[in-house]
Amino acid sequence: MSAETPQSDADLLHAVQAGNAAAYGELYERHVAAARAMARQLVSGVEVEDVVAESFTKILDLVCRGGGPESAFRTYLLTIVRRTVHDRSSIAAHPTGEIERYDPTAPFVDPALAGLEHSPIARAYLSLPERWRAVLWHAEVERARPAQAAPMLGLSANGVAALTYRAREGLRQAYVRLYLRPDTPPECRTVLGRMSHYVRGGLARREAKALDEHVDACEECHGVLLEVTDVDRGLRVIVGPLIAGPLFSGYVAALARAVGPGGAAGRPLRALRRLRWAPRRWQAVLAGGTVLAVAVAGGVQWWSDAEPVAEPSVGPPIALPAPSAVPVPVPLPVEEPSPVPAPGGKDRQATSARPVGARLRVTIDPLGSLVRARPGIVAIRVRNHGEAASAKVAAHVDLPPGVTFVPSVLRGPGAAVSGAVGTVDGWQCRPSGRGARCAREPLAAGRATAVYLRVLVSGAAPQAAGPVVRVTAGPLRLRARAEQGVRATGAPARFATEGSVAVRAIGNTLLSCPDEQAGCREARRREGEQRDNDLWPMLALDRDDHPFTESSSSAVLSVPKGGEVVWAGLYWSATGAEAGPIRVRPPGLRTYLTVRPSEVKVRELPVGPVYQAFADVSELARGVRADGTWWAADVPMVEGVARHAGWSLVLVVTDPAEPYSQAVVLDGGTVVGRRAYVPLGGLRPAASPARVELVTWEGDADLGGDKVSLGSGPLTPSGGDREASNVFDGSARGARELSFGVDVDTVSAELGVDPGLTIATNKDVVLFGAAAVSVRARQ
């Protein structure tokens with residue numbers, strides 16, 4: 001027997017954004033009982049159903065416009081219900097059309113509970129990833145059984161229990177961090193850093209006894225221990241009223257009655273009719289411009305199916321910096337006449353039926369993923385398995401709705417003017433219709449060719465089918481469709497090329513422990529028991545001899561003999577929401593150059609907001625001697641306990657000693673609290689050796705359980721402690737000392753049939769920054 005795991009709230013929200021009305025109906029059915037339970041604490045009579053309908057309508061408008069919640073639908077809905085009641089009673093005489101007011105980034109705090117959001121447990125809870133907040137709300141605040149919460153989280157009951165355990169541990173750690181201030185005495189700092197381990201019984205007997213003795217004598221640490229030991233109580237006493245208001249206990253009781261036998265699930269969803277009050281543009285999305293919903297006995301039938309009934313409008317294109325992609329001027333490989341076909345649907349690749357002459361095969365795939373509101377790259381490959389050259393080759397590319405081809409001009413030695421990001425042998429591309437038209441000279445027998453198209457994905461792009469390519473070469477006609485289309489999450493490609501190429505990455509931290517404090521020098525040598533930035537008041541590290549830098553560090557880059565820089569990208573990250581320029585000094589230069597970010601991402605970690613900035617520095621790296629010591633300095637940063645700041649230089653370089661390979665750089669900016677899967681679409685594996693340069697931020701050397709896999713089990717990094725079960729251990733390639741909160745790791749393995757990069761953490765929460773992958777192409 002088997003059962004299909006239901007779609008989570010997050011999955012349903014993504015489907016709603018893609019125009020799937022049935023998904024919003026499922027969300028309504030899951031959460032309408034909670035909305036009614038909340039509304040009945042605030043209003044009575046027929047007004048309850050009006051408030052519920054109006055609240056769902058407001059969220060629908062926001063979600064269809066790309067806003068609203070990502071996964072924690074329940075707490076978002078309760079906040080909207082309370083705001084709706086408040087506004088209906090206080091400003092009924094002055095209606096407003098500003099729907100943005102109903103897109104809260106903070107709880108709606110009742111005046112009677114003013115200040116509740118500033119309590120330590122509330123601050124710790126609000127600092128957690130949204131998925132963790134959702135499971136804690138369902139499991140600990142509302143006291144839902146794992147089987148009840150499972151559909152909302154897209155997990156099994158056991159999975160909910162495991163996620164609850166991790167989220168509770170994350171809450172404890174976030175709570176403890178609030179007390180790790182710069183003025184905290186060293187003895188208290190050590191105790192606080194081990195407190196969450198103590199609560200779950202993870203300390204040795206001797207360490208636990210020492211902590212007990214300290215807590216007995218320290219009033220503040222004793223109070224923290226009491227709160228950390230019973231965070232579940234804090235969630236119900238503080239966080240519950242923070243989200244649901246002063247009538248939280250009545251809400252919980254009403255919800256418990258509603259979800260029991262004969263509760264909301266058995267009643268007709270009468271209030272759903274009132275969603276016809278939604279703006280007409282969203283009625284069109286949900287119902288094709290016809291009647292929105294039809295009430296039926298025991299429920300409602302929605303006008304929807306798997307396909308969206310109306311196509312969301314595509315927003316204006318986002319201005320992008322001109323890419324500096326440079327193709328590698330090397331010959332393409334001669335391929336065997338009978339390669340193993342790649343797995344996939346029947347449309348993914350096609351072969352002509354001609355027994356002699358030219359025989360072509362074409363594939364099309366996004367590299368990494370096509371992610372909403374992000375640039376990306378689509379790879380097209382054509383191979384001639386015949387006995388004669390083909391006619392001139394033309395490729396007509398149809399992109400999914402919301403995906404736009406971005407023409408560019410390539411620069412560098414051997415590069416041709418083209419609309420592609422990384423051609424390797426003479427393709428010319430231009431915009432055409434809803435995609436592009438590319439052409440090249442005839443393809444010789446036994447030869448292969450590739451072209452990479454830079455695209456931009458709109459924030460409103462639906463999660464539809466993948467791009468399609470139609471190839472003509474004389475009498476030959478072929479068609480292929482990518483297996484994957486637009487995704488809500490993932491790692492899009494920043495750069496890609498083919499040839500005798502390899503990937504390299506270096507980096508270092510810009511914050512470190514205080515020199516004068518005992519144990520700091522040992523920690524920098526990767527020794528002792530305080531190798532986490534959580535246990536130190538992190539201060540700016542200034543290692544250069546320049547009088548005008550406030551923070552600086554270096555890393556040594558080794559380029560293959562005879563190699564040249566094809567592409568270079570600079571990433572830097574620090575705690576805080578305000579990013580800015582970085583100063584860089586390449587090998588051979590005496591002065592720093594200022595580099596400004598072309599892209600900045602701000603994310604939330606348990607410690608608070610962090611940013612990652614990016615700049616294309618290909619021209620700079622190609623114009624200097626790249627091999628040697630690189631310095632970076634003076635990024636915007638925040639000093640203090642549990643802070644991080646650092647940088648990484650990621651490169652694609654030629655390597656005459658390498659066989660013909662593919663190289664792709666994937667952008668991250670993704671918070672990993674348990675597991676993240678990064679598809680490596682567009683690569684041709686077949687048990688091909690691969691090398692990955694992985695950039696991550698805010699890893700802790702003393703928190704184990706961090707693993708990286710390419711599909712064949714945990715991989716051992718080449719640096720740091722070299723432990724497959726603790727990859728993010730504060731080690732950066734090219735740096736000599738412990739790089740607090742900065743990891744630039746190298747792992748190698750063979751790719752499988754369905755290649756992908758898996759990043760898993762057990763106790764840590766990290767920010768995945770970027771991954772550079774080189775794969776030996778199949779000959």
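A salt bridge is taken here as a side-chain nitrogen of Lys or Arg within 4 Å of a carboxyl oxygen of Asp or Glu. By this criterion, Glu619 and Arg622 are paired in the predicted model, with their closest N and O atoms 3.3 Å apart. Both residues belong to helix 16 (residues 618-622), where a spacing of 3 residues places them about one turn of the helix apart. Glu619 is partly exposed at a relative accessible area of 44%, and Arg622 is likewise classed as partly exposed, at 23%.

Over the whole structure, the search returned 24 salt bridges.

A further pair is formed by the side chains of Arg583 and Asp634, with an N to O distance of 3.1 Å. Arg583 is located in strand 21 (residues 582-585), whereas Asp634 occupies the loop between strand 25 (628-633) and strand 26 (640-641); the contact therefore ties together parts that are 51 residues apart in sequence. The relative accessible area of Arg583 is 22%, which makes this residue partly exposed. Asp634, at 21% relative accessibility, is also partly exposed.

A salt bridge is also found between Glu527 and Arg525, whose closest N and O atoms lie 3.4 Å apart. Glu527 has a relative accessible area of 38% and is partly exposed.

Definitions and conventions
Residues numbered from 1 in each chain as written. Predicted model: local features only at pLDDT ≥ 70, side-chain atom pairs only at ≥ 80, totals over all residues. Heavy atoms only, no water. Buried < 20%, exposed > 50% of the residue type's maximum accessible area, 1.4 Å probe, protein only. Helix = DSSP H or I, 4+ residues; strand = E, 2+ residues; numbered from the N terminus.
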